[in-house]
Amino acid sequence: MKNLRKLPLYLLAILAFGFASCESEDPEKENDGEVITDVILTFQELDASNNPVGAAVSFKASDPQGIEVGATPTIQPVNVTKGKKYQMTIEVLNSIEGEDITEEILAEADEHQFFFLGSGITSNILTTSYADGNGVALGLKNLVTVSSSPGTNNTQLQVILRHDLDKNFPGANNPNFANYIQAGGETDLDITFPVVIN
Amino acid sequence: MPFYSFATMLQKAGFFILFVTVLFSFQTAHAQKCNLTLKGKILHQENDEPVEAAYIWIMENRTGAVSDQNGNFTIRDLCPGTYTIRVQFLGHKEILQTIQLTGNTLNQTFRIEEESLDLSGVEVHGHREAVQTTTAVTSLYGENLLMARGESLGESLKRVAGVTTFSTGNTIAKPVIHGLHSNRIMILNNGIRLEGQQWGAEHAPEIDPFLADEITVIKGAETVRFGPEAMGGVIMVNPPALPTSKKSLTEIHLLGSTNGRMGNISTSHTGGSDKIKGLGYRIQASGKRAGYIRSPRYYQANTGMSEYNFSSSIGYSRDKLGVEGYYSFFNTELGILRDAHTGNLSDLNEIIENGEPFLKPDFSYDISNPKQVVSHHLAKIKAHYHLNTDWKLNLQYGFQANNRQEYDRRRGDLNAKPSLDLQLFTNTVDLFLDHNFKSNWNGSFGINLIQQANSNIPGTGVTPLIPNYDMLNAGIYLMEKYLKGPLEIEAGARYDYRTVQAARYVGEELQESDLSYQNFSAFIGGLYQLSPYFSFSSNLGSAWRPPNVNELFSQGLHHGAAAVEIGDPNLNSEKSIKWVNELEFESNKALIELTGYVNRINDYIYLNPTGETFVSLRGTFNVYEYLQADALLYGFDLSGSYSFSDRLNAYMKGSIIRARNLDENNFFPFIPSDRMDWGVSYALGKSDSKNSDLITLSNLLVARQSREPDFDLAPAPPGYALINISYQKKIKLADNQFNIGLQVNNLFDTEFKEYMNRFRYFTSDMGRNISLKLNYQF
């Protein structure tokens, strides 16, 4: 068994190889692909026959660092006028990646849905309905009607985006479905906009 | 006389009056003179490893015993006098020794020497390693292991008193020894410390229990022997010894169970060469597939799993040299309960309030996101060389590659990308020298190197939870054991030095860190045979654990858990002292083991809820931070069995543990509650092989954890009681062995939640499960 005498040598060779091949990689920058940094609500006033009136106005909620400790989002108050009807469209962006997430949500309309809650909805100051077309309950496009006698100048609109829910869950086709969590899935967005009523 | 000291000690302990009663009843029953016992251990002269199946004869009485797999034997009911002992083992020189038995039990170690290899008919022994320690050790093997087949490593080990699991749903279970888990215990795969991403609560050990024929739990702090982090204990998963002569054994396991509609197969083939003496090999493979786990009222969505594993080894053993090569591969894909993955705090609170998942689908085998895909390669080479009859040189090298991918529910194409993608390489080298002088002294000293490189594989689209890092740990150790009659004493010391270099990008910013740690640890222990029936062992060991990278560097959202976790780069090493005492009583009918321990840990690192929340566009999250505090853990494990007749047997095992945060004077979360498992078994077989048919009825009782932490997402669930029933039949077919096992767990489909399951917030535990386990050896 002469070969075995060389065994320690072989072992050392394997050992040296193992150690050499074994250093951690240099870290690389990782851009958060999923983070939502900006949510823009665009209000376009409509007349009785749903034709646009005047220029559209946008209100933005942004958190430029995404989900990072320390930074709190800035949310612009939404300005609407009592008794008016609006088309509300939602845009969702990732400014870190320079990506428009709205398109992804539209492409995955079967897995996503917006819900609108908050005091503005529950006290019947704001009435919303989905207007995405083709009977799709998604919420990127909506009709919002402001009560003509709101009784207050200030209220709130909570915008929730759910992902991976059961869209056929009983009641889930209602944009103001308070028990949306029972339809399963998880929350991608949960923003409460202050609403000022003129 | 030891008996007196034992009685005083019991009074001091104030524990189990029953115990004392049993003791006295035996003292009266055996008041005659012939109640002495000869105990001992048979070891190989040249390597100090235990010899199984050696014959020990008392010539005068024509009685004898056969040594067990740890080399131990017991001969009872001897009268005082002088005896001639003959020890025989094939291929070894016979030992003839005269001993004097007086009023006490004698504990004798025999070292048996190998005969020259030139003689025909000589069997070269396999080099089987066994732990020889004075701390409490329990092994799972033989029938008990056969019953545990098909379960994960963590689940299997629940059969050992004092071991529980910290689990994430019903597919991920981490073993807990005396309240400690993850990086505070160590798992050895055939002698190599398993290095995966153990820090994570939802990271199960990457090991296939089918590769083992014996799983050993050491409940003491064994840092000196095995390196840093073995603070709570060590789990050794040991494959059987390789044959060293012509042999062929094939084993097939076939298992199925109703809950999860699980199917599991494992085969192994072991062979020994006829042409080359001392050459042996084994190959083993297993596969497992399961679907959604069923709780009593619903299926848990996305809880399926698939696993396939392979291992092989080859060994060559001669009189002076032994070489072994070993490789194991573990691969698993695990689904995570869908509703346990929450977007923000209000999602989390809603499901906790609901107490069960919102999603209750039909059964399926599908595994979709969130899921984990984990693979682990382990290769080792081990060699030993006998320098002379007293000294043995050992070299062991191990290489491990661990890849862990965790997938979350994400948008669009991102679903196909893991959110966490880690590659961990580990090299370990052990070089040590064993020695034994005469038959009284033995020990070893050596060096141990661990080198580790962790990399995040780019492209996840998520800021890494832990940085890339390189770690180097060097340790030097020495331990010595003295054996004399009924006494064994051992002591050891070790010094370790560790450096960690970590780097990562958080956004555009490069964070780098260079850290180093060093520590000295030591242990002292003893074992004393108090009387023919009692033995007592005690072990005091220090241990340390440097902070883990996740504890140092976590910064950000723990996806799915609705928690922001903040690490602290200035954490100190944890340092602990664990004192373990074990009292064992063994008679022909009864066996009782009582283990008591105290573990004081300074600078215990834990994740503390700050009570603050963090607001983002996604909603609100709880903020947790890593803190350090002094901790005190203590408790008892009790296990015992009693034979009412040669057919009726009863057993019980239980454990009690307390864990306090001494700085805050409150309790740590996820400490196992008091529990007890007891049962009776009845042998139905024919009179010559009664145990070939065995039926067992058992009852598991788990108390509510009343020592809750100040903050928890939900209160501890109520206690529960489960009834299990099993039937085992062994059939001998010529030279082949066929084993059938039928088990029903949770017979009455009781709905319960286990405090140690992290998914107790979201779902109740597994309902009734009926398993059929077939095993054929030929």
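Q: What makes up the contacts in chain B with a separation of 6 or more?
A: Residues 24 or more positions apart account for 66% of them. A contact here means heavy atoms within 4.5 Å. This is a predicted model, in which local features need pLDDT of at least 70, side-chain atom pairs count only at pLDDT 80 or more, and totals for chains, interfaces and linings use all residues. Residues are numbered from 1 along each chain as its sequence is written, chains are lettered from A and ligands numbered from 1 in the order in which they are written, and side-chain values use heavy atoms, with hydrogens and water left out.

Q: Why is S444(B) called buried?
A: Buried means under 20% relative accessible area, exposed over 50% and partly exposed in between (1.4 Å probe, protein chains only). S444(B) has 7% relative accessibility, so it counts as buried. S444(B) belongs to strand 25 (residues 441-456) of chain B. Leaving out residues up to four places away in sequence, S444(B) touches several others, among them F432(B), H435(B), Y477(B) and M479(B). Across chain B, 60% of the 778 residues count as buried.

Q: How do you know that the radius of gyration of chain B agrees with a compact globule?
A: The radius is taken over C-alpha atoms, and the globule rule is 2.2 Å times the number of residues to the power 0.38. For 778 residues the rule gives a value near 28 Å; chain B has 27 Å, so the two agree. Along the principal axes, the C-alpha atoms of chain B fill a box of roughly 85 × 55 × 55 Å.

Q: What makes strand 39 and strand 40 of chain B a pair?
A: Two strands pair if DSSP finds at least two bridges between them. Strand 39 (residues 720-733) and strand 40 (residues 736-745) of chain B are joined by nine bridges and run antiparallel. K732(B) stands opposite Q737(B) in strand 40 of chain B. Their hairpin has two residues between the strands, and A734(B) takes a positive phi near 50 degrees there. Strand 40 is also joined by nine bridges to strand 41 (residues 769-777) of chain B, again antiparallel. In that pairing V744(B) stands opposite I770(B).

Q: How confident is the predictor in chain B?
A: pLDDT is the predictor's confidence in each residue, from 0 to 100. Its mean for chain B is 86, and 92% of the residues reach 70 or more. Over residues 1-32 of chain B the pLDDT is below 50, and this stretch has 27 contacts in the model beyond near neighbours in sequence.

How values were computed. Helices (H or I, at least four residues) and strands (E, at least two) are DSSP runs, numbered from the N terminus.
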